[in-house]
Amino acid sequence: MTVELATRLIDVLGGLLLFTMLLILAAGQVFRAIYAVAAQAAFLGVAGAVLAAATGNVDLWVIAGITVVAKAVLLPWLLIRVVRRVRIAREIEPVIPVHLTLTIAAGIVVLAFHLNASLGPVRQAITGNALPVGVTLILIGVLVMASRRKALVQMVGLFASENGIFFTAMAVSQGMPLIIEIGVILDVVLGALVMGILVLRVRSSVDADIADLESLRG
Amino acid sequence: METTLTHVARTAAQAALLVAAAPLVTGLVQKLKARLQCRRGASVWQPYRDLAKLLRKGTVEADTASPFFRAVPVLVLAATVATTAMLPVLWAPAQPAAVPLGDAILLVALLALARFLLAVGALDAGGAFGGMGASREMTVGLLVEPALMLTVFSVAVSAGTTEVGLLAARRAPLALSWAAPDLLALFAMLILALAETGRIPVDNPDTHLELTMLHEGMLLEHSGPGLACIALATQVKQLVTLTLVAALFLPVGLASDSSPASLAIALGAFAAKVLALAGFLGLVESSYAKLRFFRVPHFLGLGLVCAFLALALRVL
Amino acid sequence: MARAAVWLGHLVIVGAAAAAAVFAVALLSGSSPAVHVALPRFFPFAAMSLAVDGLSAFFLLVIALVTAAAGVYGPSYLGAHARGPAVQTLALGAFVASMALVCCAGDLFTFLLAWEGMTLASWTLVVSDTRSEENARAGLLYLVMAHAGTAALLVAFLALAERAGGFDFPAVRAAARGLDGPTRTALFMLALAGFGAKAGVVPLHVWLPKAHPAAPSHVSALMSGVMLKVAAYGIFRFGFDLLAPAGGPLPASWGWTVLLLGTASAVIGVLLALQQHDLKRLLAFHSVENVGIILIGAGLAMLLAGGRGPAALATLALAAALLHTLNHAAFKGLLFLGAGSVLARSGLRNMEELGGLARHMPWTAWLFLLGAVAISALPPLNGFVSEWMTFQALLLGGVRLGGASGLLAGVAASMLALTGGLAAACFAKAFGVTFLGRPRTAHAEHATESPAPMIAGMLLLAAACVALGLAPGWAMRLLDRPTAELLVGAASAAVTARGPLVLSAGDAAAGAGPTEISVTLAAALLALLAGLAALLRRGRRDAPRRLAPTWTCGMTPTARFDYTGTAFAKPLRLIFAALYRPRREIVKETGPSPYVVRRLAYTGEVVDLAETLLYARVKRWVTATSHGIRAYSTGRIHGYIAFVLVTLVVSLLLFANG
């Protein structure tokens, strides 16, 4: 695979990552958000594979594989199980209106690309627009966490944010050392497990959602 | 070198093709929906039969309607069919046309003119259904327009023109090798196409007397040949929208001369593109529920943000 | 006797307008040098003069067009109203003359004098038509805002005159060349605030929708269609000519400010217009929108001018703004005259009480529809032409500017598209509810067509709308001089390279081929297809055709079934609730059981955020300050004289040290 083709593909995949991010933001139901983040992880895996093929970096193959298995299949499956088990309302409850979050997201993209323009030397030939896209994903993921009431959707935001970190790392420096990548993924899986169990336990013992925790303040 | 005469002839041929094929596309979407619902469904030629039947029928007119009401179907059909002269269907011009019509902004404005006239006509009969349909259709229309403009813009930035034929010709070498902005603009355009063609999840073309209706509500007082005109206009508008999507994002296979071989390729490519897009419409319509009217702005908002990002990625 | 005087007065006004139009066209299409006339020295400190260059002549043409129509329309309209028609005729003459004088002023002093005369004459017309509390309040608000604006202008003018050592434009121009950047920008912003207050730029627009509808309708047409343009003339004159630096580009902050203000005005103006039921107030809000569109073009031209972009593109943007000025004058004048015709014949301005007028007032109705299509920027009329040019300028200019400015241009284009859609919705409502369906009151039912002179006035403007739409190339020729004076390129060179009937916009240097349209051709195509469609529509000759009541689920239809304007605008009220902050109240009067509803009363309103957020606060602050000052206001004359003494001493000290 030529470098030129890889750059183009990474560019297109960046667009797809952004689009799935918007889908997460605009989703009206928890399931849709989970599907969207799963699709995002799958695209991320493809991006890893493209970079692996272009650079011949074997570690990237492993990372791409782990990404697809862990984040596009395992974690979404886990989340969907939790949603089914706790039978929470399926609507996403936004803290601020959806169109406002979309507007903020548009602002974030402009900011990221604007800052990127001033970071000339960091842009490498192979990465194209990957850096601003990655930064955008990270920031919008945090936005999702900040603007949604349900703990599970906040989890989705965390995954998306994490996808952004991966994409940035892969595209800018052809990936972090393998051990770190695996560690991070394990961290996320562990976080998801803890969160899922917490949601389940809270729901089954006191019949309250995580969002109700805010009523505990003094 | 393309002379004025050949250009006019080609434009007329393309327009005739679009008008003639428009009911067929509706028939195909209906057929696909029926098959997905495990029904046999009516023949794909059914829309033609419906039109022929309506044209033969008499008319019933509201007693409050002014002469304007009678003129509405004529003007709506004229404005809609005029847009067929602005699209590259089979041929893509290499240089600005001798007969300058093919501008995307003019195309969008003519569709807006048709919508405006239809809405005004709906208020003429003096029933609540017409008014409700008109109000909602205008609302959806005005929400579509800014996103559509951003989409056209983001595509036009790369070619420096909004003339659809030239745009398609200039983007043809890039063919399917999209960059991220193209992809985002395509997503935006597909969302907008659902709204522009009056399909689920924005509107439901199958119901007449539900409160969900937008477009159909406006047609309630039209009958006979007048209704046929508007029905044909709706079908043409649908095909024009699909052709616009194809011209902006899939400009492959367009002919540059009139040799039989390249014409056959162009016709095949056009059929394939329209079939794919019509399939998209049918699939979405079969797998989604209609959105509550006040959810539609969220849906179109997604399109607007996509289009904005497409432009941002292009110019920043 | 009085009637003859009124007719004579209006005849004089029309004659003067015709003469002014001929003069303006001659100057615009010829190559004769700018006209300069020194006026007799009335005031010892200022030599007054008139100077008519291309820009002045173009605005003179705008004034003349609407004035001619209003002059023909006026006498019959005043005859129906008859409240001091002679005074109104006189004030109308003074109003029009002062507007013309503003555009032809050759120095700052004459400009300001005429500017104030314009305000006073129009104020007279606003408060004299109907003597109501509401009109008096509208008039007061108008005066306060106009003078706040003039205060800003006065500061800018005096600062300029001090540096120039005189009021004369050439001297001012020369002095402005030597200004440093921050001072230049500060002066421009002052002028922009002053002119913006008059032009109704958001958030300085609050007086406009109250004052404009209060005047007699043909004066409303002049205020909305022309007086705002005189303010726009000020922005053009100061931004591109008097304050412009020699050679180089205009400061980027100017373009950004004007473009952003224009976009905000366009969207907010039309959004507020949508929720109005008063026909004339609705039209007045649309003027805010259209001033916004003009400013979008002007702001873009400022961003591109002086070498930051190609000259042809800056010219295209400026030509779009100027053409929209003329177009808006034509269709807004037409619409106001139409609304006036409805008001004169039915006595009503509230569209919820009208309906079904098209049957009894066909001329008014169809001419109003024509104006509605034009203002909604729909082809093939003139509104579309100038908006198309604005779109093209935004696209090509956006590509050239790139970066944040490019994105801003894209956003402005998308907001312009939104504005067009909103305007179409608004006029579908305004026309449909007023003229179609069933009459909702007896007044509406018994309205009859207006007399011929009123229709003639509307026809004149309608003809202008059609001519400017179908053959924009000739208007482009008239724009050559103004654009060449303010920038370097000629408008017709930038836009009508392919002959007068084809509009083309392109950026040759960027290698992008031009985009070309011919509205004439589109109109011909529409006519041809409409002929074919009419054949189809006719159906079989022997097919039965009958009339039947409208379908209302089996009930007998009454006017209560007609969709009201409030109902039509409801979806938008909910979608844009964050801007409107709608409030509604439903009072239900039930009978013996809660299920038997005897009467339902609905009241609702939306707010103008500028009023609640900005003006209410300023008002509170001013009131509080006044209350504070009242503590020192003892009522004794000695105390006041002591204040004067203290003030004098303090200012002496200040200036002696400074």
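Q: Of the contacts in chain A between residues at least 6 apart in sequence, what percentage join residues at least 24 apart?
A: This is a predicted model, in which local features need pLDDT of at least 70, side-chain atom pairs count only at pLDDT 80 or more, and totals for chains, interfaces and linings use all residues. Residues are numbered from 1 along each chain as its sequence is written, while chains are lettered from A and ligands numbered from 1 in the order in which they are written. Two residues are in contact if their C-beta atoms, placed from the backbone, lie within 7 Å. Among contacts in chain A between residues at least 6 apart in sequence, those joining residues at least 24 apart make up 76%.

Q: How many helices does chain A have?
A: Helices (H or I, at least four residues) and strands (E, at least two) are DSSP runs, numbered from the N terminus. From that terminus on, the elements of chain A run α-α-α-α-α-α-α. Chain A has zero strands, and its number of helices is seven.

Q: What percentage of the residues in chain A are buried?
A: A residue is buried if 20 or more other C-beta atoms lie within 10 Å of its own, exposed if 12 or fewer, and partly exposed in between, with C-beta atoms placed from the backbone. Of the 218 residues in chain A, the buried share is 45%.

Q: How many nonpolar residues are on the side of chain A that touches chain B?
A: In this contact, 21 residues of chain A meet 17 residues of chain B. Helices α1 (3-26) and α4 (98-117) of chain A each supply at least two residues of that side of chain A. Ala, Val, Leu, Ile, Met, Phe, Trp, Tyr, Cys and Pro count as nonpolar, Asp, Glu, Lys and Arg as charged, and the others, Gly among them, as polar. On the side of chain A, five residues are polar and two charged, and the number of nonpolar ones is 14.

Q: Which element gives the most to the side of chain C that touches chain B?
A: The contact takes 77 residues from chain C and 76 from chain B. Elements of chain C that each supply at least two residues include α14 (382-401), β4 (512-517) and α20 (519-538). With 18 residues, the element that gives the most is α15(C).

Q: How many residues of α15(C) are buried?
A: Helix α15 (residues 403-435) of chain C has 33 residues and reaches 48 Å from its first C-alpha to its last, close to the 48 Å expected at 1.5 Å a residue. The expected span is 1.5 Å times one less than the number of residues in the helix. The helix is mostly covered, and of its 33 residues the number buried is 31.

Q: Which residue of β5(C) is the bridge partner of B:Glu61?
A: Two strands pair if DSSP finds at least two bridges between them. Strand β1 (residues 59-62) of chain B runs parallel to β5(C), and four bridges join the two. The bridge partner of B:Glu61 is C:Leu547.

Q: Are α4(C) and α5(C) roughly parallel or roughly antiparallel?
A: Helix α4 (residues 108-128) and helix α5 (residues 133-164) of chain C pack at an angle of about 175°, with their axes 10 Å apart. Axes are lines fitted to C-alpha atoms, for helices over the stretch in contact, and angles run from 0 to 180 degrees between N-to-C directions. Angles under 35 degrees count as roughly parallel, over 145 as roughly antiparallel, 65 to 115 as roughly perpendicular and the rest as oblique. With an angle of about 175°, α4(C) and α5(C) are roughly antiparallel.

Q: Is C:Ala377 buried or exposed?
A: C:Ala377 is found in the loop between α13 and α14 of chain C. Its phi is positive, about 60°, although it is not a glycine. Because 30 other C-beta atoms lie within 10 Å, C:Ala377 is buried.

Q: Is C:Phe643 buried or exposed?
A: C:Phe643 has its place in helix α25 (residues 637-657) of chain C. Because 12 other C-beta atoms lie within 10 Å, C:Phe643 is exposed.
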